[in-house]
Structures are given as C-alpha cells and as structure tokens.
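Please look over the structure below before reading on.

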Amino acid sequence: MHSLPAISNIAQTIQLAIAPVFLLAGVGAFLNVLTGRLSRVVDRARWLEERHALADMEERRRLVTELRRLDRRMTLSSISIWLCVACAIAVCVLVALLFITQLVNLPYRVAVAASFVIAMTLLIAGLIAFLLEIRIARKSFRIREELLIHEGEMARRADGAPLI
C-alpha cells in the first residue's frame, strides 16, 4: 500500500499549479472576448440577412460581399474559440497530472511538459486565428476620408484636396 505524500510535497505541488491556474484564468477572459466578438458578428449577419430580401440588385451585391466576410469571421472566431477551449482543457489536464503524479509518486516530467507544450501550442493557434479574424474585420471596414476631415480644414485647403 502506498503512503500518502507529505504535506510539504502537496504544498509544493499547489505552488507549481498556481501558474497554470493563472493561465487558465487568462484563457477564460480571452474566451469571453472571443464569444463577445462572435456574438456581434452573428447579430450583424442576421441584420443583413433581413435587409437582403428587401434590397435592390446593387444593394444585394454589397450585402452578399459583407455576408461572406462575416461568414469568414464567424468561422475564424469559432476556430479560435475551439482552440482556446482545447488549451483550457490541456491546462486542466496539466494541473490534474501535477496532483495525480504526486499522489501516486510517478515520474511526471514528460507528461507535465507535454501537457504544457500542447496547451501553449493550442493557445498560439487560437491567437493566430483571432488575429486573422481581426485582420478581416479591419479590412472590411474603412472610414471614408471625407468623414475624417474637419470642415474648417477643407476650407483652408486651396486646391480642395483632403488633408491627411
């Protein structure tokens, strides 16, 4: 029969588990941001779908273009969410491994290191998907130059060219 590990060993394991738990909290906050963005994209797509039926041909072309971009953003957001949830699961496995290996006195270096590397790889992939989604969002929305210029600035320009 195995003896239980000493309290000092358990305390040390708890100390080791603190960093992954903070990582888990950060991933949770990031998931909150991702789901908020996804929700806004879905709401925008639903609004455009309602307008699609009532639009003329030119407006429909514009709506279809925007709906395609929104669909791509939804896909990237969903991928990013999936990857970050998988990262959170890997972090949970890492914490569990820290305690299980301590309780049964198993060598844990390889399993713990593998869990951490997997978690980081998933987080990196999730962040890259998020970055791609932001890139599409930024490309799909541009403020017209004439809206960025104050009326007084236009009057001061002799040739009428917009000031940048």
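The points below are grouped by topic.

This is a predicted model, where local features need pLDDT of at least 70, side-chain atom pairs count only at pLDDT 80 or more, and totals for chains, interfaces and linings use all residues. Residues are numbered from 1 along each chain as its sequence is written, and side-chain values use heavy atoms, with hydrogens and water left out.

**Fold**
- The protein chain has 4 helices and 0 strands.
- Its elements run α-α-α-α from the N terminus on.
- Helices (H or I, at least four residues) and strands (E, at least two) are DSSP runs, numbered from the N terminus.

**Burial and packing**
- Of the 164 residues in the protein chain, 28% count as buried.
- Buried means under 20% relative accessible area, exposed over 50%, and partly exposed in between (1.4 Å probe, protein chains only).
- Ala-119 lies in helix α3.
- Ala-119 counts as buried because its relative accessibility is 0%.

**Cysteines**
- A search of the whole structure finds 0 disulfides (pairs of cysteine sulfur atoms within 2.5 Å).
- Cys-84 is in no disulfide: the nearest cysteine sulfur belongs to Cys-87, 6.4 Å away.
- Cys-84 has 0% relative accessibility, so Cys-84 counts as buried.
- Cys-92 is also in no disulfide, and its nearest cysteine sulfur, that of Cys-87, is 9.5 Å away.
- Cys-92 has 41% relative accessibility, so Cys-92 counts as partly exposed.

**Surface patches**
- Patches are made of residues with over 30% relative accessible area and no salt bridge; like charges are joined within 9 Å, and nonpolar side chains (Val, Leu, Ile, Met, Phe, Trp, Tyr) within 5 Å.
- A salt bridge is a side-chain nitrogen of Lys or Arg within 4 Å of a carboxyl oxygen of Asp or Glu.
- Arg-135, Arg-138, Lys-139 and Arg-142 gather in a patch of positive charge on the surface.
- Lys-139 belongs to helix α3 (residues 109–140).
- Lys-139 is exposed because its relative accessible area is 52%.
- Ile-100, Leu-103, Val-104 and Leu-106 form a nonpolar surface patch, with about 340 Å² of accessible area together.
- Accessible areas come from the Shrake-Rupley method with a 1.4 Å probe.
- Ile-100 sits in helix α2 (residues 57–103).
- Ile-100 has 47% relative accessibility, so Ile-100 counts as partly exposed.

Methods:
Lys and Arg count as positive and Asp and Glu as negative; His and the chain ends are not counted. The place of a charge is taken as NZ of Lys, CZ of Arg, CG of Asp or CD of Glu.
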